[in-house]
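Hi,

Here is the structure I promised to pass on.

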Amino acid sequence: MKKVAFHTLGCKVNAYETQALREAFRKRGYEEAASGEAACVHVVNTCTVTAQADKKSRQLLRRIRREDPDAIIVAAGCFPQMKPEEAALSGRPDIIVGNGRKIDMICEVEKLLSERDLPAGEGNKKTISLWGKDTVTLPFEEWGIVRSMGSRTRAYVKIQEGCDRFCSYCVIPYARGGPRSREEDLILKEARALVDAGYREIVLTGINTALYKDLPGLLSKLDLMEGDFRIRLSSLEPTVVDGDFVKGLLEYDRLCHHLHLSVQSGSNRILKAMNRSYSREDYLRIVDILKDFDPHYGISTDVIAAFPTETERDFQESIRIIEQVGFCRVHGFGYSKRSGTPAADMEGQISEEKKKERVERLIEAGQISAERFSKGLVGTTCTVLPEIDDGDEERERSGMNKRVDSFEGYTDNYVRVKAEGRPPADGGFARVRITEGSSFGVKGVSEEK
């Protein structure tokens, strides 16, 4: 049996695409290698959103080559899309493919395997296939219906590709191309298949999900679909949506009371320099609409520290907006200089020392906000989706889990829960009374008998 291993860096879109590749390889007769097991093929779905992401992609490719020197290695995704020559030098991958026609890599892999007289790579000259430069002009790449995920409870459904907002710091529009939407009937078919397979949460994902051609129309149809499941939006960009748009989302009963809204900065001056087409006040209007609807509505966000020319006063505006909103989760990180973006050539670049100091303060403010949000849930009863992964199912089949007296999962407003008591026998949603909150989540007691 031919063994293939998958390695995924970066966003939820990459996670979805890796799953689609996993199913496609399986249909060709491949078996997925266990962690640490040798494989004849390694597929690395890379990321390039920051300099650190590039570094992780390089290191992973090199490590795989050291540990499995005879394998065919595929470097795929954003890193080779933006830096194909650099990717070619990182672990000497046999195949390089960007963000266009990823699914075609299987044919290239099989071609290489068939051309080798010896076991994969032994004594053979490495071959590099390079494509993907035309990603910007490609239509949405349809990979077929994905019917499973690594988790047995939550499933991603990709609805959209690309972005054309061109924030001054961001390389993604260059790596992923302009907006393209998936056909609605295929999204609905995939969601239906996943719900039928037992998934209780469908996460709609994309590079810029709000740029889907008719998000309200899609949500309306999913909201009417039969089954015991909920819908989560992976993110919405304030560069695309406004308060009126968000207000319209509140009518969908299945939609989780959680949105990821990347604020990036609390300073209007910095938002303008970032080419973010909203103000602090615009953002807070969206927050007010959500909180008026549900005081415990979960809002998570991204905040960048040390963007070029950011002053201490600008930074304090970011700290203040974290305190004002009361985010359930904050991803705070330092500005990363990306070649080819306008921000890379701006004057007033912040020193690494100052950047590190601001990121630490940003993370601390985010932890305080998350803790306050979690503690605000104490005494309430939340709907929680217990998490079950493939390992849990294997243990159940082997009889190792005779009795389950605790479980973990997420509330619909995206707070992690550790609950005492049994989860529902049918694998569905649990009602959990919250007893304790912290920056890492909440604890509670299941109301299941």
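Below are my notes on a sheet, the helices packed on it and some aromatic contacts.

A word on ground rules: this is a predicted model, where local features need pLDDT of at least 70 and side-chain atom pairs count only at pLDDT 80 or more, while totals for chains, interfaces and linings use all residues. Residues are numbered from 1 along each chain as its sequence is written, and side-chain values use heavy atoms, with hydrogens and water left out.

The sheet is an open one of 4 strands in the order β8-β7-β9-β10, with mixed pairing. Helices (H or I, at least four residues) and strands (E, at least two) are DSSP runs numbered from the N terminus, and two strands pair if DSSP finds at least two bridges between them. β8 (180-181) and β10 (230-233) are the edge strands with a single partner each, so one side of each has no neighbour in the sheet. β7 (residues 154-161) runs antiparallel to β8 and is joined to it by 2 bridges; Q160 has S181 in β8 as its bridge partner.

Now the helices. Helix α8 (residues 215-224) packs on the sheet, touching β7, β9 and β10, and its direction makes about 160° with that of β10. Contact here is heavy atoms within 4.5 Å; axes are lines fitted to C-alpha atoms (for helices over the stretch in contact), with angles from 0 to 180 degrees between N-to-C directions. Helix α1 (residues 12-27) lies across β7 and β9 (201-206), at about 105° to β7.

Which residues of α8 are buried? They are L215, G217, L218, L219, L222 and D223, where buried means under 20% relative accessible area with a 1.4 Å probe, protein chains only. Their cover includes β7, α7 (184-196), β9, β10 and α9 (243-249).

On to the rings: the whole structure has 8 aromatic pairs, counted for Phe, Tyr and Trp (its six-membered ring) with centres within 6.5 Å, planes under 30 degrees apart being stacked, over 60 edge-to-face and the rest tilted. F6 and F25 are edge-to-face, 5.7 Å centre to centre with 75° between the planes. F6 sits in strand β1 (residues 2-8) and F25 in helix α1, so this pair ties together parts 19 residues apart in sequence. F25 and Y30 have ring centres 5.1 Å apart and planes at 80°, so they are edge-to-face too. F25 is buried at 1% relative accessible area, and Y30 is buried at 5%.

Cheers

Conventions. Buried < 20%, exposed > 50% of the residue type's maximum accessible area, 1.4 Å probe, protein only.
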